Amino acid sequence: MPLTAPTVSRGWMNAIVEAAARQGIARAALARAGGFPPAALDAERCPLPVCVATWAAAARLGKDPLFGLHAGGQLQPQHLN
């Protein structure tokens, strides 16, 4: 059985993108800082390395080392399916 690379759901990516937007970070800037095309943020399943890069880019661009904690406080049910 072939192993597949880990992925995360679009809902989880939306949680990151929405939290970044609340800090004034545009989707395109987030993708550029993460080193991937903006379309990657719209995929049904997103590769885990892109997700990790998105978290890091959001923290860096927002100058918020606790970005993940702050974003987690804003999670909605639709982000987790």
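The buried residues of α1, where buried means under 20% relative accessible area (1.4 Å probe, protein chains only), are G11, M13, A15, I16, V17, A19 and A20. This is a predicted model, in which local features need pLDDT of at least 70, side-chain atom pairs count only at pLDDT 80 or more, and totals for chains, interfaces and linings use all residues. Residues are numbered from 1 along each chain as its sequence is written, and side-chain values use heavy atoms, with hydrogens and water left out.

Helices here are DSSP runs of H or I with at least four residues, and strands are runs of E with at least two, numbered from the N terminus. What covers the buried residues of α1 includes β1 (7-9), α2 (27-34), β2 (45-47), α3 and α4 (67-72).

Helix α1 (residues 10-22) packs against helix α3 (residues 48-61) at an angle of about 15 degrees, their axes being 10 Å apart; axes are lines fitted to C-alpha atoms, for helices over the stretch in contact, and angles run from 0 to 180 degrees between N-to-C directions. Because angles under 35 degrees count as roughly parallel, α1 and α3 are roughly parallel to each other. Their contact, meaning heavy atoms within 4.5 Å, is made by W12, M13, I16 and A20 of α1 together with V50, C51, T54, W55 and A58 of α3.

In the loop between α3 and α4 lies K63, which has a positive phi of about 50 degrees although it is not a glycine. Most residues other than glycine have a negative phi. K63 is exposed (over 50% relative accessible area), with a value of 73%.

Definitions and conventions. Parallel < 35°, antiparallel > 145°, perpendicular 65-115°, else oblique.
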